[in-house]
Amino acid sequence: MTTQMLDPRALRDAFGAFLTGVTVVTTKDAEGKPIGFTANSFTSVSLDPPLLLVCLAKTSRNFQTLMSAQGFAVNILSENQKDISNTFARPVEDRFAAVDWREGPFGFPVFSGVAAWFDCAMHERIDAGDHVILIGSIQAFENSGRTGLGYARGGYFTPALTEKNLLANVEGSLSVGAIAERAGAILLVPDADGGLTLPFIDKAESESMEVLAPLFEAETGLSIRTGLLFSIYEDTKAGRQHIVYRALLGEGAPKAGQLFPLQQLPLEMIRDAAVRDMVKRYAQESALGNFGIYFGNQEKGRVHAVVQKG
Ligand SMILES: Cc1cc2nc3c(=O)[nH]c(=O)nc-3n(C[C@H](O)[C@H](O)[C@H](O)COP(=O)(O)O)c2cc1C
């Protein structure tokens, strides 16, 4: 399609081919009342100084408020927050009645249960056609480790929930492991033979994936939030399915085991070859910011690429 005959509807659909997350941008009006709208035009901009951007339609009822606001917050919705996305995209009377929110450290509304939030001072507003680009200077942020809600071609998608639902129906019990990371280090726990391994728990066929977090917490003494799948393999000798998730580890010292930096993993201490290869792959892929999923047995299989922005 050439520039002479650009059909706005077709162009919008073509923009929709780009897979994004979903955010709710919030601020406060002159009377201190919270306002907010759903936006998927969020982009990280700069680490130093820390900046992000979001594009606001000039037709938005919140346009004037955001043109004079001192700042705004960006809430990155998590997978089970589709309803919040819909509420903040529709002309609902009191959108904030539908969410559990509080003021962020810099003063703009941040939501509970989100994947992450950023509380920002207004850095710059750039006029751009029928939108204005709002550049925020990040004053505070929080990253919960929850997987974000996805959006593509006008529909939502929920990558980790979908995986978990599929795997919840696997026949028989499962051994579920976690590569639990905190600040570039992963948790390794003692195995039965004096070596090290990943934390693994047993999930009975009748149990839902909801049991994972409390079981991992009991095992490690730390909060642990599982994200996307990293490996599925069958230990053909033991006849058992293994599923390993990437996970984010909470604060504190672990009850069992130790955190090891990804660059200095004690690979010789990991006796189980499948676990050793997996941990090695995790360290390599983490450096590239591009994780794949392994399918196979404990000896051979294939890694399928999953592209992810770091
Ligand atoms: C997934 C999704 C993404 C959206 N992204 C944007 C966006 O980036 N910028 C924008 O101005 N509106 C966006 N919208 C539309 C607004 O959320 C919608 O027009 C809303 O009603 C605006 O509310 P307001 O007029 O109260 O500001 C999006 C809607 C959805 C469902």
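I began with a definition: a salt bridge is a side-chain nitrogen of Lys or Arg within 4 Å of a carboxyl oxygen of Asp or Glu. By this rule I counted 4 salt bridges. The model is predicted, so I noted that local features need pLDDT of at least 70, that side-chain atom pairs count only at pLDDT 80 or more, and that totals for chains, interfaces and linings use all residues. Residues are numbered from 1 along each chain as its sequence is written, and side-chain values use heavy atoms, with hydrogens and water left out.

**Entry 1: helix 1**

I looked up Asp13 and found its side chain in a salt bridge with that of Arg9 (3.1 Å, N to O). Both residues belong to helix 1 (residues 8-15), where they are 4 residues apart and thus separated by about one helical turn. Helices (H or I, at least four residues) and strands (E, at least two) are DSSP runs, numbered from the N terminus. In general, an α-helix has 3.6 residues a turn, so residues three or four places apart point the same way.

I then checked accessibility, where buried means under 20% relative accessible area, exposed over 50%, and partly exposed in between (1.4 Å probe, protein chains only). Asp13 is partly exposed at 38%, and Arg9 is exposed at 52%.

At the start of helix 1, I found a side-chain oxygen of Asp7 within 3.1 Å of the backbone nitrogen of Arg9. This is a polar contact (a pair of N or O atoms within 3.5 Å; within protein, one must be able to donate a hydrogen and the other to accept it, and residues adjacent in sequence count only if both atoms are side-chain atoms).

**Entry 2: salt bridges across the sequence**

Which parts of the chain does the pair of Glu103 and Lys28 tie together? Their side chains meet in a salt bridge (2.3 Å, N to O). Glu103 lies in strand 7 (residues 101-103) and Lys28 in strand 2 (residues 23-28), so the pair ties together parts that are 75 residues apart in sequence. Glu103 is partly exposed at 47%, whereas Lys28 is buried at 19%.

I also recorded a salt bridge between Asp127 and Lys58, with the closest N and O atoms 2.6 Å apart. This pair links distant parts of the chain, 69 residues apart: Asp127 is in strand 9 (residues 116-128), and Lys58 is in the loop between strand 5 and helix 2 (63-68). Asp127 is exposed at 58%, and Lys58 is partly exposed at 31%.

**Entry 3: the ligand**

I found 15 residues around the ligand, the closest being Thr38, Ser41, Ala57, Ser60 and Asn62; a residue counts if one of its heavy atoms lies within 4 Å. Strand 3 (34-39) and strand 5 (51-57) each supply at least two residues of this shell.

An oxygen atom of the ligand is 2.5 Å from a side-chain N or O atom of Ser60. For Arg95, a side-chain N or O atom is 2.9 Å from a ligand oxygen. At Ala89, a backbone N or O atom lies 2.9 Å from a ligand oxygen.

**Entry 4: cysteines**

How many disulfides does the whole structure hold? The search found 0, a disulfide being a pair of cysteine sulfur atoms within 2.5 Å. The sulfur of Cys55 is 14 Å from the closest cysteine sulfur, in Cys120, which is too far for a bond. Cys55 is partly exposed at 25%, whereas Cys120 is buried at 0%.
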